[in-house]
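Here are my notes on the model you sent over. Have it open while you go through them.

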Amino acid sequence: VQILGISPSSGAIEGGTIVSLRGDGFVQDILRCRFAASSGVVFGEASWFSHSLITCTTPTQAKGGSVSVDVVSSDGVEISHQHSMFAYHERPIIESLLPSQGQDTGGTQVTCVGANFLDTHGSSCMFGDTLATSVVVPTSSLVVCTSPRHAAGNVTVSFSNNGVDFSASMIRYRFRETSYGATIITSGGS
C-alpha cells in the first residue's frame, strides 16, 4: 500500500475533519488509519472508495502540532510504506466584523477580528453558504474577506483554515439591496 497524499492536510484539534488519503493498493474492508503523535497513537476506521482513495475522520488532539498518518490493517499491522503529515490547529474564532453590512452586489472588504486565523492555501471565508471572492490573512487575529454577490438579507460569516472546517460563528453580516437611481420624466401640459 502506497500513500501519495492527504487532503486537507490540516484541521482543528477537536477532530472530526474528514481527510482523503490518495494512494495505491487500498483493499476494501481491512483498513484503518493510524494517527501517530509524540503523545501516542490513535486509530480510526477508514472508508474505502477505491484502490486509490480512502477517507478517515481525524481524532481529537490535545494541542496543535503535526502527526503522521498511515494505513494499517484491521488488527493494527502496518501495511503502508509511507505516511502523510497532518497538522492540528486551534479552530478559528470570529468576534466582530468591520463593516457589518454592505451592498448585495458584493465587493465590500470586510475585516474579521478574532483569533486562530492561518494563512494557508485553504484559507476561506463564507458569507452564509457563499464563498468570499478573496481572502487575505495579515495576522492571526485579522482576516480581510471580500464579500460575494448575495441576495439582500442577514447571513452568518465563518472562516476556515483548511477550506473544509468552518468556524461556528454567530456573527452576522447584512447584505443591503442595491438601489439604483431612477429618473422620473413627467409629461406636462401647458
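1. Ground rules. This is a predicted model, so I took local features only at pLDDT of at least 70 and side-chain atom pairs only at pLDDT 80 or more, while totals for chains, interfaces and linings use all residues. Residues are numbered from 1 along each chain as its sequence is written, and side-chain values use heavy atoms, with hydrogens and water left out.

2. The open sheet. Eight strands make it up, in the order β1-β3-β6-β5-β4-β7-β8-β2, with mixed pairing. β1 (2-7) and β2 sit at the edges with a single partner strand each, so one side of each has no neighbour in the sheet. On average, neighbouring strands are turned by 35 degrees against each other, direction ignored. Strands here (E, at least two residues) are DSSP runs numbered from the N terminus, and two of them pair if DSSP finds at least two bridges between them. The angles come from axes that are lines fitted to C-alpha atoms, and run from 0 to 180 degrees between N-to-C directions.

3. β3 and β6 (residues 53-57) are antiparallel over five bridges, and L21 has I54 as its bridge partner in β6. Next come β5 and β6, antiparallel with four bridges; A46 is opposite C56 there, and a hairpin of two residues connects the two strands. β4 (residues 31-37) and β5 (residues 40-50) also run antiparallel, joined by six bridges, and R34 faces F43 across that pairing.

4. Around F43. Have a look at R32 as well: its charged end sits over the ring of F43, 4.5 Å from the centre. The test for this is NZ of Lys or CZ of Arg within 6 Å of the ring centre and within 35 degrees of the ring normal.

5. Salt bridges. How many does a search of the whole structure find? Two, taking a salt bridge as a side-chain nitrogen of Lys or Arg within 4 Å of a carboxyl oxygen of Asp or Glu. One joins D70 and R34 at 2.7 Å, N to O. That pair links distant parts of the chain, with D70 in β7 (residues 65-73) and R34 in β4, 36 residues apart. Both D70 and R34 are buried, where buried means under 20% relative accessible area, exposed over 50% and partly exposed in between (1.4 Å probe, protein chains only).

6. The other salt bridge. R91 and E14 meet at 3.6 Å, N to O. R91 is in the loop between β8 (84-89) and β9 (93-98) and E14 in the loop between β2 and β3 (18-24), 77 residues apart. R91 counts as partly exposed because its relative accessibility is 24%, and E14 is partly exposed too, at 42%.

7. Aromatic pairs. There are five in the structure. F86 and Y88 have ring centres 5.1 Å apart and planes at 80 degrees, so they are edge-to-face; both are buried. F117 and F159 are also edge-to-face, at 5.0 Å centre to centre with 75 degrees between the planes. F117 lies in the loop between β11 (109-115) and β12 (124-127) and F159 in β16 (residues 153-160), so this pair ties together parts 42 residues apart in sequence. F117 and F159 are buried. Separately, F127, Y173 and F175 form one aromatic cluster. Cut-offs: rings of Phe, Tyr and Trp (its six-membered ring) pair if their centres lie within 6.5 Å, with planes under 30 degrees apart called stacked, over 60 edge-to-face and the rest tilted.

8. S10. This residue is in β2 (residues 10-12) and counts as buried because its relative accessibility is 12%. Leaving out residues up to four places away in sequence, S10 touches T17, F86, A87, H89 and N162; contact means heavy atoms within 4.5 Å.

9. V110. Buried or exposed? Buried, at 0% relative accessibility, and located in β11. Among the residues V110 touches beyond four places in sequence are F127, Y173 and C145. V110 and C145 are 5.2 Å apart, C-alpha to C-alpha, and 35 residues apart in sequence.
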